[in-house]
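Please examine the sequence and the structure shown below. The briefing that follows treats the strands, the contact between the chains and some backbone features.

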Protein chains: 2
Amino acid sequence: MENNTVKVGLVGFGTIGGGVADILLNKKEEIRRKTGKAIELVKICDKDTASDRGVQIPDGILTDDLSEIINSPLDIVIELIGGLEPARTFVLNFLKAGKDVVTANKALVANHGPELFDEARRLGRTIAFEASVCGGIPILSSIASSLQANTIKSIDAICNGTSNFILSQMEGKGADYDGAVKEAQRLGYAEANPSMDVDGTDAVQKLTIMAQLAFGVKTDWKSIPRTGIDIVKSLDIRFARKLGKRIRLLATAKRVSGGVELKVSPTLVPETSPLAKVCDAFNAVQIIGDFVGPVFYQGLGAGRKPTASAVCSDVIDTALGRTRITFDALNLWGPGRESVPAVDPNQTSETAYLRLKVEDHPGVLAKTTGILGQHGVSISSLLQEADDDSSGANLIILTHEAPSGSLAAAIEEINSSSFVLEKTVKMSVRD
Amino acid sequence: MENNTVKVGLVGFGTIGGGVADILLNKKEEIRRKTGKAIELVKICDKDTASDRGVQIPDGILTDDLSEIINSPLDIVIELIGGLEPARTFVLNFLKAGKDVVTANKALVANHGPELFDEARRLGRTIAFEASVCGGIPILSSIASSLQANTIKSIDAICNGTSNFILSQMEGKGADYDGAVKEAQRLGYAEANPSMDVDGTDAVQKLTIMAQLAFGVKTDWKSIPRTGIDIVKSLDIRFARKLGKRIRLLATAKRVSGGVELKVSPTLVPETSPLAKVCDAFNAVQIIGDFVGPVFYQGLGAGRKPTASAVCSDVIDTALGRTRITFDALNLWGPGRESVPAVDPNQTSETAYLRLKVEDHPGVLAKTTGILGQHGVSISSLLQEADDDSSGANLIILTHEAPSGSLAAAIEEINSSSFVLEKTVKMSVRD
């Protein structure tokens, strides 16, 4: 990339690919004026070469033959096909063919980060991936560079827009969970099968990436405690409100004694917190650094244009050489990189919101509180109401801070009791 | 800076200087682990070599002799003395002596940016200045890099923490302006003479810097329309609330036909806007890009630790070479850089909040609305109440959007009318 024209290929010409092509083709002059670099999109590869992507592309650049990407003298290849395979193999092949890579694929980075970054280092190439977490919010560059003088104390992220939209619908419109999911699907905020969003998988993969950047944590995302919003009911929203809280799906990394605590859970946050005010499909991240204090970011976490903005910023950074410096300095998943361990989830402590469905007769309350007490879990408040749909009762318990292991043991014992009608639901609570 | 140790000097060892020394001395190992660079603070220069700055410094590094900075083989010098002179001369001398410069001095950059950046370019040096705007919020690097694929449509910044603290006090505690200023002084949020903060000078200088970065606007900050919070009274806070608004000091840059509109003014923002929720000494910036949409940042804009965080991030970026790339790409105030003109303030349009102090007798209302009507300014709402402290009445007028020139002419005619007891106050209004 010694000369002033940087040649770029794009693999995966879907919604986001269309946005990326829109920027690179239609803002080429503006980008050159702003950065001094001419960045030229010369090849686009997709199986589908027929559909309209809402962007006019020059003749001859769209192909369904991946070898045209591999064999062209491209400086940078953008991977936007998503998923694990063939994305992983493709990216390895791009690196081997001497191309720097830009990707928006959080699953790929969360699952194969160590392998891909090692291979890029070995081959003298770079990988940039700002768009893989929180779309338009420049959160990875903030952690990697702007806040680099800080020891990061914690990260709280609302990083799944689908979940936040569904919670907003339940909160604002009083919709029940299924109705909110349908509305999200109707408006394009949720896929036909939204399970990766609503079960917390998407959020936990993004958390894994942020935790590697901020703390060097090397961990399998599957080992991180994860609860999705698919357990949230209208009555939880209502009870949270009574407690002066809102429910948000938080992905959290918190420095504690001995390591970093990682968790994804629907969380009751105080209604005065900036996180409580994040509505609809917005994403937000609050980072606390030892010097900078709290820094809060909010923006659109997904969608064609915000994601394309992040992808193209990475393309420009790679073209200018900023990515090279960051890539070398961070040494992600690399040997010698500082690595704070993820702490054992059972060795942490938490304040919990518990919802039990129990038989509605005298003695149940005493038995429940008895079990919690035996496990050393003390209760800060308790609400009970008859369930509309059954003969049982809903019991809402807010605990004081308690060891997570004790809480888990207490919940297990409660769930195995004969008076309990459904599996107990647990969410996190913030003061 | 070919080898792995970068030598740094610090000039100005006050509150922020103490924070910077704290990071560079006490986090040296952490920074080396995180970035691969050893950054060594080897000289600190200040007239006062006796006072305790709350940080332990090694023997022999503190001096009151500036020539020790100029003549030492330093790679980077941090300028933290503030103000225009001798800071300007010092920075020019650092550049001439072959040092890259990091500064937190917004007045210096806003007033002497063109000269300093030209000189740095001529000498092959760099200047970094993230800490000069919004302290701990990485707003300059966001504009310069993270959002670089966007055409920026607007920037709205709460960038003066003193003003925001005073408005918060008036809003939350019902304090009057003078009482709120005294409380801000007592808590260290306002200086003994807070005029540069409360008259909007500080905010407009920061706006000038953001406008150069985002739009290439070259403009003298003194030519930008500027109203400070020193015109805000408790009754404005109260009336704003009746209208569902909060008053915030906004520094605004907005792309309009023919250029960029720049302004600093107390502004009535909807209480549901994220800007309305920024309280106390926090800073916040909302940027709208054509692709990324709205991105919102909030953090501490001043103070020892947040400012030191930004300064040290710039030091690390300079040591790693990221500043060099950004400096060359942006070509700030440079020849050939795209430069959108600032539009003539009288050629813009705005929705205004007007507060008139008028004689309390029949006919005044008709005369006032008559003058506005003659100038083509139409009224959306009007409130009148007797003034507690005088025989006059306070008249609050909310206009529809009107040409700024017409508004100014109408206000001038109102002010020269015999029934008007005080100069009319104007604030901006956002829907």
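A residue is called buried if its relative accessible area is under 20%, exposed if that area is over 50%, and partly exposed in between (1.4 Å probe, protein chains only). This is a predicted model, in which local features need pLDDT of at least 70, side-chain atom pairs count only at pLDDT 80 or more, and totals for chains, interfaces and linings use all residues. Residues are numbered from 1 along each chain as its sequence is written, chains are lettered from A and ligands numbered from 1 in the order in which they are written, and side-chain values use heavy atoms, with hydrogens and water left out.

**The sheet of chain A**

- Helices (H or I, at least four residues) and strands (E, at least two) are DSSP runs, numbered from the N terminus.
- Two strands pair if DSSP finds at least two bridges between them.

**Strand β5 and its neighbours in chain A**

- From strand β5 (residues 100-103) of chain A, A:Asp100 and A:Val102 point one way, whereas A:Val101 and A:Thr103 point the other way; all are buried.
- Strand β4 (residues 76-79) of chain A runs parallel to β5(A) and is joined to it by 4 bridges; A:Thr103 in β5(A) is the bridge partner of A:Glu79.
- Strand β6 (residues 127-128) of chain A pairs with β5(A) in the parallel sense over 2 bridges, and A:Ile127 in β6(A) stands opposite A:Val101.
- A crossover is right-handed if, with the strands pointing away from the viewer, the path from the first strand over the helix to the second runs clockwise.
- One right-handed β-α-β unit consists of β4(A), helix α4 (residues 87-96) of chain A and β5(A).
- A right-handed β-α-β unit is also made by β5(A), helix α5 (residues 106-123) of chain A and β6(A).

**The contact between chains A and B**

- With contact taken as heavy atoms within 4.5 Å, chain B and chain A contribute 48 residues each.
- Buried area is the accessible area (1.4 Å probe) that two parts lose on being put together, summed over both.
- Between chain B and chain A this area is about 4,400 Å², of which carbon and sulfur atoms give 53%.
- B:Gln148, B:Phe291 and B:Arg322 supply 18% of the area that chain B buries against chain A, more than any other three residues.
- There are 3 salt bridges between chain B and chain A, a salt bridge being a side-chain nitrogen of Lys or Arg within 4 Å of a carboxyl oxygen of Asp or Glu.
- A salt bridge links the side chains of B:Arg33 and A:Glu338 (3.1 Å, N to O).
- On the side of chain B that touches chain A, the largest share, 9 residues, comes from α12(B).

**Backbone features**

- Most residues other than glycine have a negative phi, and most peptide bonds are trans.
- A:Glu85 and A:Pro86 are joined by a cis peptide bond, with omega about 10 degrees; A:Pro86 is in the loop between β4 and α4 of chain A.
- A:Cys134, although not a glycine, has a positive phi of about 60 degrees.
- A:Cys134 counts as buried because its relative accessibility is 1%.
- B:Trp333, also not a glycine, has a positive phi of about 55 degrees and is found in the loop between α13 and β12 (349-350) of chain B.
- B:Trp333 counts as buried because its relative accessibility is 7%.
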